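Please examine the sequence and model shown here. A short report accompanies them.

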Amino acid sequence: MKKPKSAILPPWIVLDPLLKQWLTEDIGRGDRTTDGLLRGENLWGTAHWEAKAPGIVAGLPVAARVFQLLSDRLQVKPTVKDGDQCDRGQVILQLEGPLDALLMGERVALNLAMRLSGVATSTGEYVDAIADLPTQLVDTRKTTPGLRLLEKYAIQVGGAKNHRMGLDDAVLIKDNHILAAGGIEKAIALIRETMPYPLTIEVETETIEQVKTAVNAGADIIMLDNMSLAMMQEAIEIIRQYNSRIKIEASGNITLQTIRQVAEIGVDYISTSATITRSPWLDISMNLGPGNLGINDPSKIRMI
């Protein structure tokens, strides 16, 4: 897999409220297990994360932040970087710090890293399938509520590009907008009156007639939605003949088995939700060490 040129993580001022919310959801009124075992003892521990399956790692900085929100004394040392390919059994992260923070942060941190690594791994498979072609893979707004910022970051880590982050990023006139406006031309005309510079207008089309209308109405980007390969080819020829600067996006039921065929007909972008909605989590486990440092062998626990 080609490594992504850039994968930009949102700033902590944006992510911290989310991470704190997820920690609060998990810890609630207190970690009954950890609090009951440690009884307020200030104990020091170490741990490492092990990949249980091969894949592309994503979300390690986020995992580190989860632990550090619980204790600023906790040290996190990744042995790989986001975007690196890991092997089954490989240690990808080492931790050292207060034992209660290690135990309380484990599940939230792992959940995020496993989810994001799964998205990055799935994305990498799609990107690899068209890596030698000029077509770019992009994502969609079909994301998990609350996780959009991080899932779209994982898409970047996997080597694809983000489509709009939300409804305020760009204009995308879909089938229901067309129905609400009474047609593509009316929709474009109404929106152009109020949209801020320099937003672009993309129109979703399902027929050749809609493609011609979108071209004539001045769409900047035309999405070919759920079209056959033959229909897409015809649409591309019409658009290119009219204005070679119009960008063309293919979308709808794109799979690993079909993505290359779609890319080969000459679209600029292929959008798919599959890299998020169909991606399995990458299995990662956290192990205390050495020698089950902590509860099972109190003699090896170091006081803070």
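## Basis of the model

The model is predicted: local features need pLDDT of at least 70, side-chain atom pairs count only at pLDDT 80 or more, and totals for chains, interfaces and linings use all residues. Residues are numbered from 1 along each chain as its sequence is written, and side-chain values use heavy atoms, with hydrogens and water left out.

Helices are DSSP runs of H or I with at least four residues, strands are runs of E with at least two, and both are numbered from the N terminus. Helix 5 spans residues 148-157 and is mostly covered, with eight of its ten residues buried (under 20% relative accessible area, 1.4 Å probe, protein chains only). Among these buried residues are Leu-150, Tyr-153, Ile-155 and Val-157.

The elements that cover the buried residues of helix 5 include helix 1 (12-27), strand 2 (55-56), helix 3 (60-70), helix 4 (99-129) and helix 11 (274-277). Just after helix 5, Gly-159 adopts a positive phi of about 105°.

## The aromatic pair

The structure holds one aromatic pair (ring centres within 6.5 Å, using the six-membered ring of Trp; planes under 30 degrees apart are stacked, over 60 edge-to-face, the rest tilted). Trp-49 and Phe-67 form this edge-to-face pair, at 6.3 Å centre to centre and 65° between the planes. The pair links distant parts of the chain, since Trp-49 belongs to strand 1 (residues 43-51) and Phe-67 to helix 3, 18 residues apart. Trp-49 is buried, with a relative accessible area of 0%; Phe-67 is buried, with a relative accessible area of 0%.

## Ala-64 in helix 3

Ala-64 lies in helix 3 and is buried, with a relative accessible area of 10%. Ala-64 and Ile-248 are 184 residues apart in sequence and 39 Å apart in space, C-alpha to C-alpha.

Conventions
Buried means under 20% relative accessible area, exposed over 50%, partly exposed in between (1.4 Å probe, protein chains only). Contact means heavy atoms within 4.5 Å.
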